[in-house]
Amino acid sequence: MNFKRHGILAGIAITATLALTACGSDNNETPGTTGSNGGSAPASTINCAKGSLTAQGSSAQKNAMDEWIKAYQQKCTDAKIDYQGTGSGAGITAFSGGTADFAGSDSALKDGDESTKATARCGGNPALNLPMVTGPIAIAYNLDGVKDLQLKPETLAKIFSGAIAKWDDAAIKADNPSATLPSTPINAIHRQESSGTTENFTGYLDKAAAGTWTLGKDKVWKGTGGQAEKGSDGVAGAIKKAPGTIGYVEWSFAKVNSLATAKIYNGAGEYTALTGAAAGKTVAGAKITGTGDDLKLSIDYATKEAGAYPIILVTYEIVCSKGTPADKLELLKGFLGYTVSAEGQAQLDKLGYAPLPESVQTKVAASVKNLA
Amino acid sequence: MLFRGTATAAGSMVLVIIAAIAVFLVVKAIPAISKDTENFFTFKGWFTEGENPQFGVAATVFGTVLTGALALLLAVPVALGIALCLSHYAHRRVATSLGFVIDLLAAVPSVVFGLWGRDYFYEPITNFSKWLHDTFGWLPIFGSEGPYGKSILLGSIVLAIMVLPIVTSLSREVFMQTPPENQEAALALGSTKWEMIRTAVIPYGKAGIIASVMLGLGRALGETIALALTLGGVYAINFDFLGPGGVTIASNIANRFGEANELGRGALIASGLVLFAITLVVNMAARAIVYRRREFVGSA
């Protein structure tokens, strides 16, 4: 029985390591580019500070964080920053427990217990949600002989709720009049663990396909059919491997695995392919719903903007408004000041994320300045 | 005197640690279970987020037992065959080196089995599933029309391969310890080699076989990462072996722990307690059987 206990712990440790390495491996492709960026922009906006920061949380922004940390540490050799993609839940727990200096999270702090604990950790000062990384969620698929799959939100909702079982269903045919669709079963893949990607994707379906999608907006997948995979890399890997699959995954993972992505019918009445610019149009329409320095964002999934790709994800950095230890504060402000700067945000496009709209950038930068 | 004291302290330390772990688990599990708005033992889903958390271990317990049982069903006959071959049929030198290879198989980390199953073994199983469905589709267990791949079948076969070396090396040891007198007596009475094995070796080793199978079952029930990688992760209770499906207590914990909130962690720990209870029952049953058989064998 003793062995069993160890087995479970070891299993968890292994998965954690796996998740980390899986996230980490995606970044190996761009070291050259970063190096040259850092070199060619000597007059950069990086404010250096000494010290060390430990952070953890959302694996969705892990690729961006790695890139930023690399660039920042290259400039500031006295700074040591560590970000682990342990998951949003783990990140918030670590932040509230005082073992992380800031947390990355796919969703803003919830009112109630989560906020209370974070406030207590900050010595009675409220914790802030600072939007930092936005990224499109790709509807990736693997279907022999079908390029440029186009989907309406209602069709998407039916596929993922299991109402449509075969690829040559009338609803999919109606969206793709010119494609030859095979009569094979659809393997709809979702995330097994609770995930901000699931929350944003179901949030999109809930808004854009209201009526057809009945399972609401949730971090955990509430559908009963389909196949579950752990992590974005798990979903992307499963799609890459098997024909007949479709799933929702952060764009960066679809890119790394060179998966085909579907065009999505937006509120303006057109099928839009996923590009950084198209996703940026939806991000630009996002509204700030937080108060003061807290900058919680609300996304308009049913955006009427022409050419906008509507399914996107916002991830936050969670920091103390006041109460960060003095020896950490300067580095925290320096680093987050860099990540939100135009220079920092410019790194995002090639990684498969979208930069924050300028209006939001300015506000986040102001909030970072106000940290004390 | 000093030595006795040290030994006693060391011995009781183990108990203290186990008790501390148990207390910690129960303390973490109880608040989570008390917030559960569904029956923890009969509900099939696992939704620990939100205002009204609903979660239950029914589907995970079912998956744990089903994959474990299937794995044993596939592994035990093969394992016993290999063990007999190594102990009684193969040439001494071949048997030694083969035995070494089997032991090596037991030392392969489970994550390697999992990745192999997910990325490589996946394809033959997909084709095999299609064939099974086309040929035996009238059987409900093979009735799924797909998509095939990550299924109970894949998970169970990978698990069977992992259980195989444990059952093999243990039962080989047991078979080798059959007293030569018994074997020679059987041969002297004119039995063939197979009859000798049936009448002398297998009855003598029965307790050992059961013990090795139970140890294998213990491994199968607690196996985490290999199943987390090869099962479809669907929270349902049905005997569909081919379609995407299957989730076990351990794979559920491994897949969800990182992203779980505090309540979710408590819930996962509670499910860990259920697994603890299941393995406890299995181990106790095994001990009881072995104990009863030992008396029987001793008199034989």
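Select D148(A) to begin: this residue is partly exposed, with 13 other C-beta atoms within 10 Å. Burial here is a count of other C-beta atoms, placed from the backbone, within 10 Å of a residue's own: 20 or more is buried, 12 or fewer exposed, and anything in between partly exposed. The model is predicted, so local features need pLDDT of at least 70 and side-chain atom pairs count only at pLDDT 80 or more, while totals for chains, interfaces and linings use all residues. Residues are numbered from 1 along each chain as its sequence is written, and chains are lettered from A and ligands numbered from 1 in the order in which they are written.

Stay on D148(A) and check its backbone: phi is positive, about 55°, although the residue is not a glycine. D148(A) sits in the loop between β4 (127–142) and β5 (150–151) of chain A. Helices (H or I, at least four residues) and strands (E, at least two) are DSSP runs, numbered from the N terminus.

Next, select S258(A), another non-glycine residue with a positive phi, near 40°. It is found in the loop between α10 (251–256) and β9 (260–261) of chain A. S258(A) is exposed, with 9 other C-beta atoms within 10 Å. Most residues other than glycine have a negative phi.

Move to chain B and show helices α5 (residues 152–176) and α7 (residues 193–222), which pack at an angle of about 150° with their axes 8 Å apart. Axes are lines fitted to C-alpha atoms, for helices over the stretch in contact, and angles run from 0 to 180 degrees between N-to-C directions. α5(B) and α7(B) are therefore roughly antiparallel, the term for angles over 145 degrees. Among the residues making the contact are L159(B) and F175(B) of α5(B), and V201(B) and A220(B) of α7(B). By class, this contact has 13 nonpolar, five polar and one charged residues. Ala, Val, Leu, Ile, Met, Phe, Trp, Tyr, Cys and Pro count as nonpolar, Asp, Glu, Lys and Arg as charged, and the others, Gly among them, as polar.

Now show both chains: 37 residues of chain B are in contact with 35 residues of chain A, contact meaning C-beta atoms, placed from the backbone, within 7 Å. On the chain B side, α10(B) gives the largest share, seven residues.

Confidence in chain B is lowest in α10(B), at a mean of 80, and highest in helix α2 (residues 58–89), at 93.

Note on methods. Two residues are in contact if their C-beta atoms, placed from the backbone, lie within 7 Å. pLDDT is the predictor's confidence in each residue, from 0 to 100. Angles under 35 degrees count as roughly parallel, over 145 as roughly antiparallel, 65 to 115 as roughly perpendicular and the rest as oblique.
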